[in-house]
Every structure is written in C-alpha cells, then in structure tokens.
Amino acid sequence: MSAPGASGARQLWRRLRTQRSALVAAVVVALLVLVALGAPLLTAIEGQDPTTYHPSLVDSARGGVPIGSFGGVSAEHWLGVEPQTGRDLFARLVHGARVSLGVALAATVVQLVLGVVIGVAAGLGNRWVDLVLTRIADIFVAMPLMVVALALLAIVPTSFPRPVLVALVVGLVSGWGTLAKMVRAQTLTLKELDYVAAARLSGWGTVRIARRELLPGLATPVITFAAILVPTNITVEAALSFLGVGVKPPTPSWGQMLTSADVWYQAAPQYLLLPAGALFVTVLALTVLGDGVRTALDPRAASRLSVGTGRKQEAKGEVS
Amino acid sequence: MSEAEKAPSRSLVEVTDLTVEFGELRAVDRLSFRLQRGAALALVGESGSGKSTVAAALLGLHRGTGARVAGAIEVAGVDVQEAPEQTLRRLRGGKAAMVFQDPLSSLDPYYAIGDQIAEVYRVHTRASRRAARARAVEVLDRVGIPDAVRRSRSRPHEFSGGMRQRALIAMALACEPDLLIADEPTTALDVTVQAQILDLLHTLREEMGTGLLLVTHDVGVAAESVDEVLVMRHGRSVEHGPVSAVLGSPEQPYTRELLGAVPRVDVPRASSEAPEEPAAVVLEATGLRREFGRGKRALTAVDDVSLTIHRGETLGIVGESGSGKTTLGRMLVGLLEPTAGEVRYDGHARVGVNPAVQMVFQDPVSSLNPRRSVGESIADPLRARGEGDERRVRGRVRELLERVGLEAAHYDRYPHEFSGGQRQRVGIARALAADPRVIVCDEPVSALDVTTQAHVIALLGELQRELGLALVFVAHDLAVVRQVSDRVAVMRRGRIVEEGPADEVYDNPQDPYTKQLLAAVPALDPQIAAQRRAARRELAVV
Amino acid sequence: MTGFGGFILRRAVGALVTLFALSVIIYVVFYVTPGNVAQITCGPRCSPAQVQQVAGQLHLDDPLYARYWHFLQGLFVGQDYSTGTSVQHCSAPCLGLSYQSDQQVTELILAKLPVTASLALGAMVLWLVIGVGTGVLSVWRRGRLTERLLTTLTLAGMSTPVFVIGLVLMIVVCGQLELLPFPQYVAFTDDPEQWAWNLLLPWLSLALIESATYARLTRASMLETLAEDHVRTFRAYGVGERGIIWRHALRGAVAPLIAVNANNIGVLFGGAVLTETLFGLPGIGQEMVEAVKVVDLPVVVGMVLVTGFFVVLANAVADVLYAVADRRVVLT
C-alpha cells in the first residue's frame, strides 16, 4: 500500500535508497545539476568562457581543424576546442548542461501545471466543462510535437529570449495533454472513493475537499509522470537545437554542437562524442531515476515497468 | 506413466504434516487430513487461516513462488511434492481441477468461454480443435448454461456472475477429474445464485462421484455441501470431524466462538427492545426515484421508494446486488440527489448533506484517506462545524476513539496500521463526531470476518441505545439484517417488495421474492440444508 | 456485434471534431502572429507590391473568421490565386501557395509523401519485430541473465536520441567500415533494390530507438497480465509456460501496442523530421525544416495540418482496432 503521508518525501527517499541502480542514477543527476549550476565557476577555474573565439587554435588552411593532438587538448583547454571557431569545448559542454537541464525543467513545470489544472478541472467540473477540456486535451495529445514546435519556433521574433521560448513551446505543445487525461481519470476515481464522500458528510466544501482529499492522491501519479517528462524534454530540446531552431548560437547547447559534428568526426572525434555522451548519460540517468521513483511510489505496478533491477522476487514468482 | 504416478491408493487426497511458509510467515502449520474418493471435505476458517494456501498446495501451485512447502501431499496417486513438472501438469485440471473465487478475473477477458474450456481440454487430451469445442459446449450445457452452443462464443464480460461461475465449473468438469477443489466458489455471488451453484455442485457430485474439497469462510456454505469439516485457524487444524458433529456439538472453544458469531436467519433478534409506542419520525423519504444515464441507456436504480425512520429504531434494508439499496442509502444521507421525490429530515425537506445524518461505509480500506491520520479524519466534522480550539478537538476525538473500543493514543496512526474491524470502528467514530441522529450503515460488516462482524454489530447496538440513534442498516446478508433490525424492507430492482416488523417478514414472508431469498440462505444444520435443497427445487418448478 | 457500428460512428465524429479544432488552433496561431503577416508569408525578398498582393490574397483586411472561411473553402472546393499576370488554380484540397517557390503546398506534400511513407512503414516493420521480440524474450527468460541484458539494452535505446544513433551508425557503417554508401534516396519505382539498401540505415536508426519503447511496453504489459488471476487459472489447469506466454500474456499486450504504434506512425507520416534531415532524405520532414528556415508560412501551416490529420486519422483507426482487440471497450 502506498501511503506517503506527511513524511512522503522521506519515505520516498527511504524506498529509493534500497535500489542500487536508482541510487547511482540519483548521484549522477545530482552531479549534473551541480555542474549546470556551477558552470561559470568551473569555467573560471579552467580560465575560459564558452563564447570567446580562438582563431589561433584552429588551422584555417585545413578548414578549421583544431591544432594539436586530440582536437587541441591542452592545459588551457581541457577538452580541446571547437573546430572552426576555436571556442573552448569544456566551457561549451558545461554551459550546455545548464541549457539542457534548465530548458527541460522549465518545460516540465509548464506541462505539470497545465496538465494538473486542466485534468482536475475536467474531473470535477460538470458534463460540459469535462467534455470541452477533455477534447482540448485530446487535441494536444494529437499535436505532432516536432513539427509544431519547428513551426512555432520559426515565426516568433528572434528578439524573444531563446531558451525561455524553447521551454515554453515544448511545455505548451507536448506532454500535458496525456497528463491531463490521466489526472482527469484519477480525479474521477478518487472522487468516488468513500473517504471523499465521508468528507462531504462532515460538512466540508468542495475546495477544501479538493485540497485535502484529492490533491494528495494525485501526487503519486503526477510525480511518476514528471519523472518521464524530464528526460523526454531533454531529448526534444536537443533535437530542436540540432535542427537549428532551438537554442541559437552563441548560447551553447548539446544538440546544437552535434549539428556539424559529423563533418569533424575524424579530426576531432570528441566534438561528436562529448555532447552525444553527455546527452546519453543525462537521459539514461534521468530515466533510471524515474523508474526508481516509480518503483518507490508504487512497488507493485513498477515491478513490471522497471528495467532489469530490483525485481528478483517478482521474476522468480512467475516461473512455474 | 512416470514413477510418481503409482497405483491409486485408498484415499483421493492425503496430506501429512503440510507446512507452508512465505518468508517469515507460516501460513500453514503441520496440517494433516485425507479425503476418500467421492467424499467431500470443507476447510473452514476466517481470513488468514491458511485455507486457500492449502488448496493451492494440493496442485503444487506454490512451486517456484519462493514459498517453502514441507510435508507430504498426495493427490489422485500423484506425489505433488516430488512429481516432475510434466506429471504435475497432467494432474492439474486432468485429475484435480480448481474452481476459483472470482469468476470474472479468473477467466481470460480476451477469449470466448468455449475456446478457453477447449484450450484446457486439449492440454489433457489429444482431441482435435473441433472435438474440444464440442466438449466445451457439452460441459457448458451440463452445468446449466442455456443455449450453450451460442453462449460458448461469448466472452466472460458478457456473462452474469452466476453464469461465469457455472462456466468455471464447466471448465473444471471438462476432463472429468476425480477431485474438485473449490476455493470460495460462491463468495462473490448473491444468495439466490449461491444456492443454485451449491445445488449444482451437489448434483454433479451425486452423478459423477467426484470428490470435493471446499474452501470457505462461510460455515453455512460448508453445512450445505460437505460430509466432513476441518476448522482452521492460524494455519493449524482446530477441529476436524463429520459436519453434523463439528457444527452440532463443537468441542473446541474457537469452533464454538465461530459458530456463535454466525448470524442466524431463523432466530429472532436477541435483545429486541421494541419501543412500546411509536417514537417521533426523524427521517422520511417519499416517492424517491433515481436514474443514471440519459436517453436509451437510462437505468432506474431506485423507483418510487417511500420510507420512514423513527427515533431510536433500526430499519434493515435487504436486497441482492443491483437492487438499488446502496443508491437508496446514498440518497438518504444526501450524497446523491434523487431524480424525483424528497427526503425530509425532522419534517423539513432537505437538499444536500446534513451532519445530523451520517454514514458508515462498506469498504474499510477506501473509507479512510490513507494519507491522513485517523484522528484527523475523525476530527473532520468537528472542524467543519467551526470548532477552533485544538485541545477540545483532540479531547473529543480521543473520547470517541475510546468509545468505539480503540485507544486514545491511536489518534496519530494511519489507516494501514489498523485491521479491517478496527478501521470500521474508526469509521463509526467519525460518524459519531458529527453528533448525528441518524446513521445509514451501507454494508458495514460485509467485508469483515464473522467474529469481527459480531463485535462491530454489538458496538452499533450499544451506541444506538446510549445515544438514541436511528440506524438504517443496508445489507445483502439476510441473517445479519435480522440480527440488528426492528423493521425490515426487502428491495428488488429498485422497489421495496415487502416491508414490516423483522420477525413478521422473516417468519411469515408474503412476497414470493422474499420467500425465494429466505429459502436460499444456507442453513447451519446439514439435515435442514437437505430439506431446503428439496424445497428450492420445488420453488424453482413453480 | 450490436453497438459496434455506433461505436465507430462516435469515434469518427470525435476525430472530425478534433481535426476541425486542430485546424482552427493552428490557423489562428500562425496567421495572427505579431508582425506583418503578409510580409512573413511572402518572404523576406518580396517587393512592397508583392506584399500588397499577398495581403489581398490572404484577405488580410477581412475579420479572422472570414479568413478562416476562405481557407476552408480552399480546402474543400479549391481556390484561384492571381500572381499578377496569370491566375493559378489550386484545386481542392488546397492548402495554399508557397510564395517562395510558387508551388502549391498540396502538390509539394504529395511529392514528398512517398519518401516519408517508405521510411515510416519500413521502420515500423522493423521496430515491431525487434521491439515485440525483445519484450517477449525478456519475459520468457525473466529473472535470468538474458533478461538483464535485454532490459539494459532497452534502457540504452530509450536514452539515445535518434539523431545520435543515426550519426554514429552513419559514421561507423558508411564512413569507417564503408559497408554501405552514404544514403541517397532512390524511389521504389525506379529501383526497389537500391531503394531498400539506401533506406537500410535510416530504417535501422529509427527502428532501434523506437523498438525500445515497444520492448518496454510489451514486457510491462505481459508481466502485468502474468500477475492476473486468469493466468493463475490456466496454470492451475496444466497449461504450460509456452501457452501462457504466447496465448494469454501476449494477447494482453496487443491493444496497448496498437495504440502506441498508431500514434507513432501518424507522427512519422507527417515527417520523420530528424531522421530525414540527418540522412538527407527528401521527405515531408526535410521539406518542413527547409520551409521553416525561410519562413514559408503557407508550407509550414500546410505541413502542420497534414501531420495533425495523419495523427488524428491514425488514432481513430487505432481506437477502432483497439476495440476489435478488446471488445470490452465498446461497452464503456
């Protein structure tokens, strides 16, 4: 029985701690967040910044290949420099983490707010409110994210701060439709529970009942959903930047770095491998952590979804 | 034939020192019994007694689940503990077949019922697809499914509960097993359907000589169906013997307690303090009607029901599933608005809820918010009334907790820390916190074991006398309703078919439906059970 | 089956309503953007006279609903566009005119559709085989090393963006090992063999990534079914593991697989934007990216609408298939 009471967060942590893979993922995510937050500090220690051009470090005769071994790795430039521009790769990578995580989290917040508000309103509202809101949610479930986001990002004036715009577009167009439908279904279920009826018999009004009896019951599925949204948003941001409509230069972003990486893979392989690896590790860690959170919140259902770990008993239980 | 399949021994089932452990928990503890060919034995016990675990062990279903099974199990000549997987599979469904409790979830929702039976038949025989289908139709017809050819193509959700149970029995019969293991085969069913299923099992046994191992919590069901009873508690055998001896003159204190707690439909209410003169009417319903859905799909759940409830009395409302009794109860407390008609409280028409009319719910799990301490839940009516003094709120909640037989210190505990019976007490305390004059109890004890049931009913009675409460007791269990009610209303298809003083309705029913209901209630005495069975056959003919 | 026809009708009406609302939203969002719509639509290199002409064609002086009405007219009965000297007739379904290539958007999309369809359908076959196969195998071997291995691979697949695996595959297979040439689209009608060889990498990239989702879904859904009571029934009746897995557990996964697959295919038909861009496949997705770069508004809006149409259509078909797979849906 999942009953995260007042100590819900602590209980969640306690259950999370028992899963080794989730714990490792949590540490990785924590490190990534630290890197993102401390990006200016880290680059200051290195003595570089992500936007300064270093034309002297690339061989313009050979099309801008970084000079020196391993793509220009040196004491000044820990991971080498970007081909053509000579910008510091380490600085661009850690500042890219800032953009990736920031945009993904902001988009997730937009999705959560929209999804929960519309879902709860549909679940509690009368037949017409429900019909209209559910239809709207349906439309957004059907909204082809990449195409719509591409189009939207193209027509908004470039004066609008780009990372904020990307977060808004991703948040407004994707994710929340499904969440709203799920929240609505959950609200309808919770609404019929006897303890909600008992609260009504106590004499409480609708608002208080919604806050005290319904919202806590939504916490588990919403957190679980959020855990899926964050890594998805990271991938979407990277994809949009890869296509050249997301975060625009000079602001660094992992997806953007990959745009021209294939041209340079022989001369400077780390220009491809570093952002690709960073994306992979980040999404992987967030996905594993998300699975862990789900397992911790609902051990029964999650044992079927979790991937490879922490479900030995269940697996054995099925063999006969 | 492998070595494990020896020549048939004398007994059909022989269990010696069976112990089953799930981790730390010892579910079954050195249990031994035997069952002769064609005989019938019931394992009777309350929840957690380990009876279903024994049933599963007979087919070796604990293999590979991590449970530790010790002792010897021999079923139809197969050593279940040692037999190889292949032999065990031949036993399962071939020589010993299991009938499960919940017939809806026990069948695959995606396949036609006939196909599912045919699949099982083909596992055990080399029959062709066509022959297996024919066999499925044959057994479906055998268990009394009308128009079996057509119905065999239906999926489980297109069957009623009773029909599904019949289909499961048909599946069990497909390979003509020597032993039927029935795990609570009638628990999910209405009492009239239960009687039909028990009669069917009885007839099949008479005609086919199949042995029966019946697992049930209901002593009455056991009395109806078997020759021998084994009473279980905490995984151990408490008492074992012929059904008439164990139920007629029990030797062990626990058996006596269990039998004492079973509500009797044929015995008048113990301490009936019927008020000499009619007390004031507190709640009155006139012409209540409730529809669900609109247009062609509209369904009338309650149709023109009028009732009066007097101060200090208990009105029992009894009916089978779908009779509209729950909808009626919810309209009485104001959780549902009637489509037509009105509810008057103290003579005034009422809309919405009123703290003076409270409810105790059926499901002790869903009636308490798992995320709030029970004290907070009980304090709700006090706070909603505007009581701001935190000390007085806590004081009153502690008082209520003690009044319903819990401890004041339980205030800060969460629902999952309590048993079902305790949670129901919390629910009662919460209802009392509103200082109600009427409490509608919707199946308040149907989720509880009989001994717990008796305690909760006793508590409700005490509170009623003490506080002069009027109770509306909604339930499907005719015996329970008789034990608590001054007056009884019998509902069927949204209408009240018969209403009157409890003893009159039970001892001298007028409506044919009431008669049918009462005839279907299992009797504790096997001889009476046999008479009833005969009587039911006659009623069915009429 | 009574009620099945009514069910299909209800879903069809629902899909139409969704489509209509989607078109309104998209139209409003794109044609009520801040700035000079005529200028944006016509493109940056248009002369003031041309801009004026475009404004007239778009009926920019009319109220919004009238403009939307014109747009709908174009969709259902066609429309005439005057380009100064000549009049071009755009027959229904008319999505407008690209002001930068003077081509009709509908024709543009139809020309690109075969490429996108080749990519989407081929990848679908692969990801269903790989995904469902992986899911079934990991359930069959649950609790063993195989399962751990497969679930780890699945997780890796879920964590890799399609353009990363595409890049890596292209670099390794075409660049380093030189097993295949860098993909270059050849129409199926021209040379089926070359068509397949050139699409192999795009198919693989897309399918490897997508199959992770299907593997996870298949596995989760099968394990859920395996924990259900009816599986216990068939075990108790001697049905072996093979029958349980293939007949009962996999059956429960069919309906959710249909739902997810329909949505995926719908989105892909509107352009596998990333894969097409990466491999230089001249499909709807690539066209979309090009149109976005030069802000060719009619093309952009047309593509968004067409994608929305495919998604809604695919979901409606999925709903019906879902109901065929699980008849209980019809009753609710």
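Predicted model: local features only at pLDDT ≥ 70, side-chain atom pairs only at ≥ 80, totals over all residues.
Taken over C-alpha atoms, the centres of domain 1 of chain C and domain 2 of chain C are separated by 33 Å.

**Domains of chain C**

- The domain assignment of chain C places domain 1 at residues 3-90 and domain 2 at residues 111-331.
- To the contact between these domains, domain 1 of chain C contributes 16 residues, and domain 2 of chain C contributes 16 residues.
- On the side of domain 1 of chain C that touches domain 2 of chain C, the elements giving two or more residues are helix 1 (4-31) and helix 2 (37-42) of chain C, and helix 1 of chain C gives the most, with 12 residues.
- By class, that side of domain 1 of chain C consists of 10 nonpolar, 5 polar and 1 charged residues.

**Transmembrane annotation of chain C**

- An unreviewed UniProt entry places the feature "transmembrane region" at residues 12-32, 119-140, 152-175, 195-215, 254-279 and 299-325 of chain C.
- Residues 152-175 of chain C are 88% helix and 0% strand in the model, and the end C-alpha atoms of this span lie 28 Å apart.
- For residues 299-325 of chain C, the chain is 100% helix and 0% strand, with the end C-alpha atoms 38 Å apart.

**Contact of chain A with chain C**

- Between these two chains, 42 residues of chain A are in contact with 50 residues of chain C.
- The side of chain A that touches chain C draws at least two residues from each of helix 5 (127-142), helix 6 (145-155), helix 10 (206-242), helix 12 (261-264), helix 13 (269-297), helix 14 (299-305) and helix 15 (312-318) of chain A.
- Helix 13 of chain A gives the most to this side, with 8 residues, and the side as a whole divides by class into 31 nonpolar, 4 polar and 7 charged residues.

**Helix 5 and helix 8 of chain A**

- Helix 5 of chain A, which also supplies residues to the side that touches chain C, packs with helix 8 (residues 176-191) of chain A at an angle of about 140 degrees, the axes being 7 Å apart.
- The crossing of helix 5 of chain A and helix 8 of chain A is left-handed.
- Helix 5 of chain A makes this contact through A:Thr134, A:Ala137, A:Phe140 and A:Val141, while helix 8 of chain A uses A:Trp176, A:Gly177, A:Thr178, A:Ala180, A:Lys181 and A:Arg184.
- Divided by class, the residues of this helix contact are 5 nonpolar, 3 polar and 2 charged.

**Domains and a sheet of chain B**

- Chain B is divided into domain 1 (1-95 + 179-262), domain 2 (104-176), domain 3 (279-356 + 438-452 + 466-509) and domain 4 (367-435), and the C-alpha centres of domain 2 and domain 3 of chain B lie 39 Å apart.
- Chain B holds an open sheet of 4 strands in the order 12-11-14-15, with antiparallel pairing.
- Strand 12 (299-310) and strand 15 (348-349) of chain B each have a single partner strand and stand at the edges, so one side of each is left without a neighbour in the sheet.
- Strand 11 (residues 281-292) and strand 14 (residues 340-345) of chain B pair in the antiparallel sense over 5 bridges, and B:Glu284 stands opposite B:Arg344 in strand 14 of chain B.
- Helix 11 (residues 325-333) of chain B packs on this sheet and touches strand 11, strand 12 and strand 14 of chain B, its direction making about 125 degrees with that of strand 11 of chain B.

Terms used:
Residues numbered from 1 in each chain as written. Chains lettered and ligands numbered in written order. Contact = placed C-beta atoms within 7 Å. Nonpolar A, V, L, I, M, F, W, Y, C, P; charged D, E, K, R; others polar. Axes fitted to C-alpha atoms, helices over the stretch in contact; angles between N-to-C directions. Left-handed = near helix turned anticlockwise from the far one by under 90°. Domains from an automatic or database assignment. UniProt positions renumbered as here; feature names shortened; annotations may be inferred. Pairing = 2+ DSSP bridges.
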